[in-house]
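Please view the sequence and the structure first, and then read the points below by topic.

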Amino acid sequence: MSTYSIQLEGLRKTYGHGDAAVDALKNVNMQIAPGEVVGLIGPSGSGKSTLLKCLGAVIEPTAGRMTLGGEVIYENGWKIKDLRALRRDKIGFIFQAPYLIPFLNVTDNVALLPMLAGVPNNIARARAKELLEALDVAHRANANPSELSGGEQQRVSIARALANRPPVILADEPTAPLDSERALGVMGILNQMASQYQTAIIVVTHDEKIIPLFKRIYAIRDGQTIEESR
Amino acid sequence: MLKLIGTQNSTIASMILQQALGLGLIGFIVGKTSATFWAPLFPKYVLLEPIDAVIGFILVMVICALASTLAIRTALLVDPAQAIGG
């Protein structure tokens, strides 16, 4: 069993067949330990989104091996039958926009995922409350998303990503719409949450404000990863 | 986004159906209340029995449920990968 939260070995993704085949990912190798926050950078078209989609189990790689939370989920085919449950239980997602559900209040937005996973409502809400307190938005627990500031909404979306205590969080440009102060605040929260819940976090970013904050960065160019340690 | 984070299709369908029925209920209440209070302002009356209101309510709910199937079908066809990247 892998001690890494995320381990990719020779991951490849090819779109199309024969002469029309395009290698979006060629030979991606990556190891991320529990509690680590790692940046993923690269120009447009380099394969970042494809890699994130493979890690998020929404597209199937073509070859290689992928381990999430110590469990092999891909090796010459999916090793897990229920990918929907895998995404719900093992992977948290944070997006550029918070995508909170407008007709649910803040607590229910966070509690929704554990409820979908079968956690009793009272326990799911208690877990949501604990996360909202940790992220300093507990005072907005009964508010609707439209009543929150951009920074507060993003903190709620971080709480939602953590709600099922996943070993892995994929953050797709989470600071892009925020100003410098709020972007640094979100990065501080991600580091704190990764350490507190031992969650490995991959942050895909173009945001130059936050790039210096990563201890480790994977650069992806032409479908291949190059680790740029700092 | 709901599909990406692992929501069952049945849950998504149920959420859309609930919203459609909720909107139908609000529409019916507003319509029925308006009709009751404004009817005397019109020169000719149409006599509505209580059973007509019940039938009207059932029809509104059925129409909303049928209409929601279009939205449910569209939502269930969305690829969860669309929520990631560009």
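Strands β1(A) and β2(A) form a hairpin with six residues between them, and A:G16 in the turn has a positive phi of about 80°. The model described here is predicted.

**The hairpin and its neighbouring strand**

- Strand β1 (residues 6–15) of chain A runs antiparallel to strand β2 (residues 22–32) of chain A, and seven bridges join the two.
- For A:R12, the bridge partner in β4(A) is A:A63.

**Chain A as a whole**

- Chain A contains six helices and 10 strands.
- The radius of gyration of chain A is 18 Å, close to the 17 Å that the globule rule gives for 230 residues, so chain A is as compact as a globular protein of that length.
- The C-alpha trace of chain A spans about 55 × 40 × 35 Å along its principal axes.
- Of the 230 residues in chain A, 48% are buried.
- Among the contacts in chain A with a separation of 6 or more, 71% join residues 24 or more positions apart.

**Strand β3 of chain A and its two partners**

- Strand β3 (residues 37–41) of chain A is mostly covered, with five of its five residues buried.
- A:V37, A:G39 and A:I41 point one way from β3(A), whereas A:V38 and A:L40 point the other way, and all of them are buried.
- One partner of β3(A) is strand β8 (residues 200–204) of chain A; the two run parallel and are joined by four bridges.
- In that pairing, A:L40 has A:V204 of β8(A) as its bridge partner.
- Strand β9 (residues 216–221) of chain A also runs parallel to β3(A), and four bridges join these two strands.
- Here A:R216 in β9(A) stands opposite A:V38.

**Helix α4 of chain A**

- Helix α4(A) has 14 residues, and the distance from its first C-alpha to its last is 20 Å, close to the 20 Å expected at 1.5 Å a residue.
- The buried residues of α4(A) are A:A124, A:R127, A:A128, A:L131 and A:L132.
- Seen down the axis of α4(A), these buried residues fall within an arc of 135°, so they line one face of the helix.
- A:N122 and A:I123, on the other side of α4(A), are exposed.
- The buried residues of α4(A) pack against α3 and α5 of chain A.
- Just after α4(A), A:D136 takes a positive phi of about 65°.

**Helix α5 of chain A**

- Helix α5 (residues 150–162) of chain A has 13 residues, which should span 18 Å at 1.5 Å a residue; its end C-alpha atoms are 19 Å apart, which agrees.
- Helix α5(A) is mostly covered, since 11 of its 13 residues are buried.
- The buried residues of α5(A) include A:E152, A:R155, A:V156, A:I158 and A:L162.
- The buried residues of α5(A) pack against β6 (91–94), α3, α4 (121–134), β7 (168–172) and α6 (180–197) of chain A.

**The contact between chains A and B**

- Chain A gives 17 residues to the contact, and chain B gives 12 residues.
- On the side of chain A that touches chain B, α1 (48–55), α2 (83–90) and α3 (106–116) of chain A each supply at least two residues.
- By type, the residues on this side of chain A are nine nonpolar, two polar and six charged.

**Residue B:I16 in chain B**

- B:I16 lies in helix α1 (residues 9–38) of chain B.
- Leaving aside residues up to four places away in sequence, B:I16 touches B:S68, B:A71, B:I72 and B:A75.
- B:I16 and B:A65 are 49 residues apart in sequence, and their C-alpha atoms are 9.4 Å apart in space.

Note on methods: Residues numbered from 1 in each chain as written. Chains lettered and ligands numbered in written order. Predicted model: local features only at pLDDT ≥ 70, side-chain atom pairs only at ≥ 80, totals over all residues. Contact = placed C-beta atoms within 7 Å. Rg over C-alpha atoms; globule rule 2.2 N^0.38 Å. Buried ≥ 20, exposed ≤ 12 C-beta atoms within 10 Å, placed from the backbone. Nonpolar A, V, L, I, M, F, W, Y, C, P; charged D, E, K, R; others polar. Expected span 1.5 Å × (residues − 1). Pairing = 2+ DSSP bridges. Arc of directions from axis to C-beta.
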